[in-house]
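Colleague: I would like to learn how to read a model of this kind, feature by feature. Where do we start?

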Amino acid sequence: MRSRDYDRDFRYRAGRTRTWGLVLLSLAALLWAWCAVLLLMPYEVDEEPDDEYPAECESRLFTDRATANEGLRNGDYCGDERDWPEVIAVLGASLPVSITGVGLYTVGTVSRRMSAHSEAMRELDVLARTPKS
């Protein structure tokens with residue numbers, strides 16, 4: 001295999017690695033968006049199955065009346081619907097995905113840049129060896 005063919009194959013594999021990194025970072029962004037929805041958006045809870053008028057609950061993060069934290073003790077169903085462990089689990093799942101995505105993206109980008117640098121150095125060496133007229 002000639003060096004140019006090997007370099008082209010190396011850049012292709014580096015591009016695929018970088019693409020996988022972007023895919024994983026996109027997945028992590030979706031998990032972060034899901035976590036933001038769980039924390040910031042108001043929601044409704046059925047007090048009974050097929051409830052015609054569900055209870056309206058404030059967002060988990062911006063509640064003024066502690067409806068999200070008091071639970072059924074005060075006759076409120078909001079506290080049990082969106083629980084903190086679910087939010088923590090989503091954030092915990094996003095952590096290894098984002099770390100792996102950053103690693104793959106970085107490796108792919110650095111590999112392509114180093115390959116381009118190496119090609120430029122080879123071309124400069126060829127230019128330096130040619131006799132001047």
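Modeller: Start with the elements: helices (H or I, at least four residues) and strands (E, at least two) are DSSP runs, numbered from the N terminus. Serine 98, for example, lies in helix H4. This is a predicted model, in which local features need pLDDT of at least 70 and side-chain atom pairs count only at pLDDT 80 or more, while totals for chains, interfaces and linings use all residues. Residues are numbered from 1 along each chain as its sequence is written, and side-chain values use heavy atoms, with hydrogens and water left out.

Colleague: How many helices and strands does the chain have, and how do the elements run from the N terminus on?

Modeller: There are four helices and two strands. Their order from the N terminus is α-β-β-α-α-α.

Colleague: Which residues does serine 98 touch?

Modeller: Contact means heavy atoms within 4.5 Å. Leaving aside residues up to four places away in sequence, serine 98 touches Leu25, Ala28 and Trp32. For the chain, 60% of the contacts with a separation of 6 or more are between residues 24 or more positions apart.

Colleague: Which residues make up the largest nonpolar core?

Modeller: In soluble globular proteins, nonpolar side chains tend to be buried together. A nonpolar core is a set of buried Ala, Val, Leu, Ile, Met, Phe, Trp, Tyr and Cys residues joined through side-chain atoms within 4.5 Å. Here the largest one has six residues: Leu31, Cys35, Leu38, Leu39, Val87 and Val90. Helix H1 (3-40) and helix H4 (84-129) are the elements that give two or more residues to this core, and H1 supplies the largest share, four residues. Cysteine 35 touches Val87, Val90 and Leu91, residues up to four places away in sequence not being counted.

Colleague: What lines the largest pocket?

Modeller: On a 1 Å grid over the protein atoms alone, a pocket is an open set of points where a 1.4 Å probe fits, with protein on both sides within 12 Å along at least five of seven lines; lining residues have an atom within 4 Å of a point. The lining consists of Arg2, Ser3, Arg4, Glu119, Arg122, Glu123 and Val126. H1 and H4 are the elements that give two or more residues to this lining, and the largest share, four residues, comes from H4.

Technical notes
Buried < 20%, exposed > 50% of the residue type's maximum accessible area, 1.4 Å probe, protein only.
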